[in-house]
Amino acid sequence: MDNDAEAHQDDEPNEYSSPACFLHELTPDITGIGHAAEGLDDGVIRWRKIVRPRLIEMRAAIRANDRKRMDDVIRTRLSGLLATMQGRIVSIYWPMKAEPNLIPWVKNSLPSELAFALPVVIKKGAPMEFRSWSPGESLIRGVWNIPIPEHGASLVPDIVIAPVVGFDKRGYRLGYGGGYFDRTLAVLARKPYVIGIGYAQAAIETIYPLKHDIPMDVIVTEQSCVSYASSSRLASTLEIADSKSV
Ligand SMILES: Nc1nc2c(c(=O)[nH]1)N(C=O)[C@@H](CNc1ccc(C(=O)N[C@@H](CCC(=O)O)C(=O)O)cc1)CN2
Ligand SMILES: Nc1ncnc2c1ncn2[C@@H]1O[C@H](COP(=O)(O)OP(=O)(O)OP(=O)(O)O)[C@@H](O)[C@H]1O
């Protein structure tokens, strides 16, 4: 068994080796005991607006050579993680703003191994749709100019791969502030297995999770593959998917 598989079986998250150096200095204004819950949320949302651009900037500053090496490691870890999931529908993402690029991994995946989908923002402030996509099929520009499938069928993936702007020690994700992944996961009848993807430098102590934040099941970086779900969650996710298709 390799290190990834071992880490994946642990229920306890590993320690991060290199926390972002400045982020511990930035704490949201949640010190006032007796704040209304709403006021508390506002403080956290304001804090996230400060932290996001810093994390995005740090990611953009990674040199091309390093990025290539880190993306290779992430793609290899992902292959290991999904090795037993033949036939599953996996939602990926089209990389932007220096997110790890998984497209070469998708292109190298044998057609029979996995089926792919991409997330599509249909309406601001609403859940996303997932559209079937295979390499070679036509893409058009969606919100933020992100490429989306032009014709793909709408479907519910078994596995959702979500890029992170930041992630914390309990597996919570900080994204671009649209709330799209949380809204989408909240309305699905069966929660897919959610894999967060990012560079290790995106690790922060906490995102100060709010009621709507849904933690990821596993986070893959170039340094680790850490599972936050109970060890039975992956198995039960896939069993439920199987029983549906019988
Ligand atoms: N590559 C990639 N594709 C992806 C995502 C992603 O994180 N990465 N998404 C993951 O969700 C969805 C797009 N996410 C989006 C998130 C925010 C906004 C947006 O308009 N943000 C507002 C700020 C919101 C706020 O701060 O209140 C803006 O920039 O004006 C647009 C798209 C789907 N596709
Ligand atoms: N399930 C939900 N229902 C209603 N509003 C939600 C839900 N999830 C998130 N939101 C709202 O979306 C906004 C942004 O949320 P958050 O800070 O978690 O975004 P994010 O995870 O960084 O964004 P994204 O997933 O788009 O990358 C917040 O104002 C939040 O209240």
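The passage below describes the strand pairing and the ligand surroundings of a predicted model. Residues are numbered from 1 along each chain as its sequence is written, with chains lettered from A and ligands numbered from 1 in the order in which they are written.

With β1 (residues 88-91) the pairing is parallel and comprises four bridges, and I89 stands opposite A115 in β2. With β3 (residues 129-132) the pairing is antiparallel, again over four bridges, and here P119 faces F130 in β3.

Further along, an open sheet of three strands with mixed pairing has the order β9-β8-β11. Its edges are β9 (173-174) and β11 (203-204), each of which pairs on one side only. Two bridges link β8 (residues 166-168) to β11 in the parallel sense, with F167 opposite A203 in β11.

Turning to ligand 1, 18 residues surround it, a residue being counted if its C-beta atom, placed from the backbone, lies within 6 Å of the molecule. The closest are Y93, Y176, G177, G178 and Y180. By class, the shell holds 14 nonpolar, three polar and one charged residues, where Ala, Val, Leu, Ile, Met, Phe, Trp, Tyr, Cys and Pro count as nonpolar, Asp, Glu, Lys and Arg as charged, and the others, Gly among them, as polar.

Methods: Predicted model: local features only at pLDDT ≥ 70, side-chain atom pairs only at ≥ 80, totals over all residues. Pairing = 2+ DSSP bridges.
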